Amino acid sequence: MEASGGSFLSGPVLKRNPVGQALFAASVVGVGPYCEGFVDSHLHVTEEKVGVLLLNLGGPETLNDVQPFLYNLFADPDIIRLPRPFQFLQKPLAKLISVLRAPKSKEGYASIGGGSPLRKITNEQADGIKMALESKGLTANIYIGMRYWYPFTEEAILQIKKDKITKLVVLPLYPQFSISTTGSSLRVLQNIFSEDAYLSRLPIAIIQSWYQREGYIKSMADLIGEELQKFAKPEEVMIFFSAHGVPLTYVEDAGDPYKDQMEECIYLIMQELKARGSYNDHTLAYQSSWTCAMAEALHR
């Protein structure tokens, strides 16, 4: 099987960081943004069964889910990276933050219907991927693994074992790689796979990032182009890109490539728009999230 169907564009950012590479050194094939294929499986089976595992953040589906969801989020050491002497405070701190943040977060979720739509959207993406593969003559079981809420990654892995999958493609649904998103989800997989005899021998292909994919860049340009046409003078519109922030220490000390990849992604989108005749000004801003500020302060 080949993970093909599309091409990569190249932008001005040449720096590349090794963060997140080779988490499954014994069994991964083609770790990186694009994998050419799988090696032969060491599992003695008569029928190949390919699985695709979609990884996502997860979100509270009801207002009652908000506080426990926040606890799961802040209890993740890849979200709040405490210095080693203080790591024993991870869970008590997560409890405190989740309780303090829950009322404000509930207001936000209430304003969009009382819960996160992420699970519904991810289910639709899973259905779309299955249909797209079938249209190419490929059969695969699609699984969804959420990091901080149901269905958890651990649940997806149990089903993968029950289904006796023989080859697995791991697709994080974050276009850019970050320690706090894709990196955290892959770390969960690493821990589970390293402790299981069956899983540790399962050939895996990981698509770590896909922000450079031609189809993705063009789809973003399509969406922006549609919105520009709603203005009386589209050429005068400023395009404002908003991205989630990561603590500066992640970038400077841990080598998180998220900032570089985000900026390259924006560059590629703007190049595509220029090729279509749109020369709008643009700016990129990172959300100044409370989580980032807390993580920065604790690290310092």
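**Close-ups of strands and rings**

**View 1. Strand β3 meets strand β4.** Three bridges link β3 with strand β4 (residues 204–206), and the two run parallel. One spot to look for here is Val169, whose bridge partner in β4 is Ala205. Keep in mind that this is a predicted model.

**View 2. Strand β1 pairs with β3 as well.** Strand β1, covering residues 50–56, runs parallel to β3 and is joined to it by six bridges. Start from Val50 in this view: its bridge partner in β3 is Lys167.

**View 3. Strand β3 and its side chains.** Residues 167–172 make up β3, a mostly covered strand with six of its six residues buried. In a regular strand, side chains alternate between the two faces of the sheet. In β3, Lys167, Val169 and Leu171 point one way, while Leu168, Val170 and Pro172 point the other way. Residues on both sides are buried, Lys167 included.

View 4. Four aromatic pairs turn up in the structure. Trp210 and Tyr216 make an edge-to-face pair, with 5.2 Å centre to centre and 80° between the planes. Tyr216 has a relative accessibility of 18%, so it counts as buried, the cut-off being under 20%.

**View 5. An aromatic cluster.** Zoom in on Trp149, Tyr150 and Phe152, and you have one aromatic cluster made of these residues.

**View 6. A charge over a ring.** Here Arg81 places its charged end over the ring of Tyr250. The distance from that charged end to the ring centre is 5.3 Å.

Key. Residues numbered from 1 in each chain as written. Predicted model: local features only at pLDDT ≥ 70, side-chain atom pairs only at ≥ 80, totals over all residues. Heavy atoms only, no water. Phe/Tyr/Trp six-rings, centres within 6.5 Å; stacked < 30°, edge-to-face > 60°. Buried < 20%, exposed > 50% of the residue type's maximum accessible area, 1.4 Å probe, protein only. Lys NZ or Arg CZ within 6 Å of the ring centre and 35° of its normal. Helix = DSSP H or I, 4+ residues; strand = E, 2+ residues; numbered from the N terminus. Pairing = 2+ DSSP bridges.
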